[in-house]
Amino acid sequence: MSYRGMAWPWGSWESCGRRLGDGPWSNKVAMGQESWVRLGGGPWGSGVAMGHRCGRRSGEEPWGRGLAMGQGQEWNRARPHSFVAGVIHPWRVSAFERLLWRACRGYLVASFVEMPEPMEDPATGETITWVIFLISYWGEQIGQKIRKISDCFHCQVYPYPESEASREETMNGLHSQIQDLSLVLEETEQYLAQVLDKVAVALPTWRVQVQKMKAIYLVLNQCSFDVTQKCLIAEVWCPVRDLTQVQDALRQGSYKSGSSVECFVQRIPTSESPPTLIRTNKFTAGFQSIVDAYGVASYQEVNPAPYAIITFPFIFAIMFGDVGHGLLMFLFALWMVVYENSPSLRQASNEIWQTFFEGRYLILLMGAFSIYTGFIYNECFSKATVIFPSAWSVATMANHSSWSSAYLATHPTLTLDPNVTGVFRGPYPFGIDPIWSLATNHLNFLNSFKMKMSVVLGIVHMGFGVLLGVFNHVHFQQRHRLVLEFLPEMVFLLALFGYLVFLIFYKWITFSAADSLVAPSILIHFIDMFLFTSNAGNLPLYRGQVAVQTVLVVLALASVPVLLLGTPLYLCCRRRATKTGHHGQVATEEQEPLLEGQEAGNSVNTTKEDVESGGHSPDAEHLDFAEIFMHQAIHTIEYCLGCVSNTASYLRLWALSLAHAQLSEVLWTMVMRNGFVGLSYVGGVVLVPVFAAFAVLTVAILLVMEGLSAFLHALRLHWVEFQNKFYVGAGYKLCPFAFAVDTGE
């Protein structure tokens, strides 16, 4: 094997006797009493001092066969040593070293050193810590063997000058090249940095331009060639009031492009149902998205979104009425509205946050309406506020009663009698009287108030929905539905549930707190109304009440067959009249399609009703009587049963309002009130974590969970109870061409 560090194969001895067995000549070397001496720091010293007598080596050696050594200096000058230098992969060093030793029989000196820094393999791109080798040898045959072995091991061999001066010159040249290359690389990096800085400024503009070009070519690819293969035909939907802008844009495009043929727009009739375009802004977009989630409005159908701007936050506030909670929600939405142009808020990646941010104006109105209903309920974090003096006087009751100390000690609750003069001085100016928060029967009072309020608001909301259906009937020229559908629906709703609202207001106006004990029950009267009877134990509200209720029930029942059979019979008679008067009249207009492969009458050249009719013309009716009757029967059953179930469904306003008030009161009693027990400094320290817990629970439970619950219930009341009275929602949105940010995605 070879020896690292340029070591002499058989050691470095000053004097030796005879070395057998382990030298490079094995057992063939016999030395005299004096032998070679290794001096200096070269591979074999800077010179070999030879004795006057030397042994003789017979056999094969690098410098020939049977060479007799004379003076060492003369031999060294005659046979100079050569070098092979290069780099090798670290995994191949051991095999490379072993093969060199066996092939060259040890007549070389090899040195291996790892590079101080790893370098990239130009073939594979892998970062490798290469090993540098330097091999010293004598003789051209040994050099050829070393070079062949280096090639076999894929070594990178580099020239190594023989003389010291040449090596120094080569080193100086390499250092100068390294400096030049470093300078060039540094200047190149600076130039590239400047170019990239300029590109970074222009990159957004380039990206927008590329996306616009891709979007334009995408639209152009959807166009069709005409029969002459010389122009493009695009069949699009366009709002009527925007046609002039489209024509001006095409005219300007033709002028700027230098085209000899001017582009033009031509309105064409079609039987397809046009898409729906509802123009919104940042305020109305949230409310329109709520309606669109139920279904996109049919073409030219009444849009419930403008009315939902008021009704949706108000119905939400009925279930969420609290001044404190509404104020927190209002301030949160106001913060989003004020900083709506902030990139950090607008470009947030959180989907939940994006939902809140897009509905910021909706949350703003919900918070404002909740503050209003909170003042009506007189609740601020479940505590009543005294805005006006109470209408109930405890002092007057105490002065006119025999409340002694013993009576007060045995009666933990006291009753205020409104029949005593001065105890009740009339209704509270605004909202609920704060004294009810101290009463033991305040829950019964609030339940009665909120239940009646829910029924009244629900019936008014449903009646308003039925009334909006009139605009659809008039606009689509279906005036027969005004008499055969709208009128029976209003009679059925008002004769039964409208009368219930009348009873509620009549009782509120007629009976006061003084005679509340003799006030009759509205529920019993409403049950007796359907039974066509009267209850002697429940006094009537007015004279002739039984007769009026009987007439109203008969009217409601009579409106059902009109609603069921009116529209089918009318359409059937109209169909017969149409067949009799227009028998045999068929359109025979011949048309040639503009587009290749298009059937005449399919889209472009159809001779149906114009685009403004939207398929809702009087002739666009079902022609099968059985199908018409089935459709009307389903509508009648759904409406009649829905009036009952939907009225009961509005009682969720009462239930959720009560649940919100009770949760708020429990949270105050179980958490916040414990922080006011101690009045010392210790109590002040304890109040801090108590208030923190109260704030966290208020936000998590009452604002987030209760707010989400009230939102979902308000959403259901609008979708099911309100919109199904007039809204079909069977259309599809108009998706106009626009340069959106994500056009290229």
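User: Hi! What should I know before I look at this model?
Analyst: It is a predicted model, where local features need pLDDT of at least 70 and side-chain atom pairs count only at pLDDT 80 or more, while totals for chains, interfaces and linings use all residues. Residues are numbered from 1 along each chain as its sequence is written, and side-chain values use heavy atoms, with hydrogens and water left out.

User: Great. Is strand 3 buried or exposed?
Analyst: Seven of the seven residues of strand 3 (residues 82–88) are buried, so it is largely enclosed by the rest of the structure. Buried means under 20% relative accessible area, exposed over 50%, and partly exposed in between, with a 1.4 Å probe and protein chains only. Strands (E, at least two residues) and helices (H or I, at least four) are DSSP runs, numbered from the N terminus.

User: Which way do the residues of strand 3 point?
Analyst: Ser82, Val84, Gly86 and Ile88 point one way, Phe83, Ala85 and Val87 point the other way, and all are buried. In a regular strand the side chains alternate between the two faces of the sheet.

User: Which strands does strand 3 pair with?
Analyst: Seven bridges join strand 3 to strand 7, running antiparallel, and Ile88 sits opposite Val131 there. Strand 3 is also antiparallel to strand 8 (residues 156–158), with three bridges, and Gly86 faces Val157. Two strands pair if DSSP finds at least two bridges between them.

User: What about strand 4, how many of its residues are buried?
Analyst: Five of the seven residues in strand 4 (residues 108–114) are buried, which leaves the strand mostly covered. Strand 4 is joined to strand 7 (residues 131–137) by seven bridges, and the two run antiparallel. In that pair, Val113 stands opposite Ile132.

User: Switching topic: how do helix 15 and helix 18 cross?
Analyst: The axes of helix 15 (residues 480–510) and helix 18 (residues 625–649) come within 11 Å and cross at roughly 25 degrees. These axes are lines fitted to C-alpha atoms, for helices over the stretch in contact, and angles run from 0 to 180 degrees between N-to-C directions.

User: Which residues make the contact?
Analyst: Among them are Glu485, Met490 and Phe497 of helix 15 and His635, Tyr639 and Thr647 of helix 18. Contact means heavy atoms within 4.5 Å.

User: Last one: how much helix is there over residues 546–571?
Analyst: That stretch is 100% helix and 0% strand, with its end C-alpha atoms 39 Å apart. Over residues 314–339 the chain is 85% helix and 0% strand, and the end C-alpha atoms are 25 Å apart.
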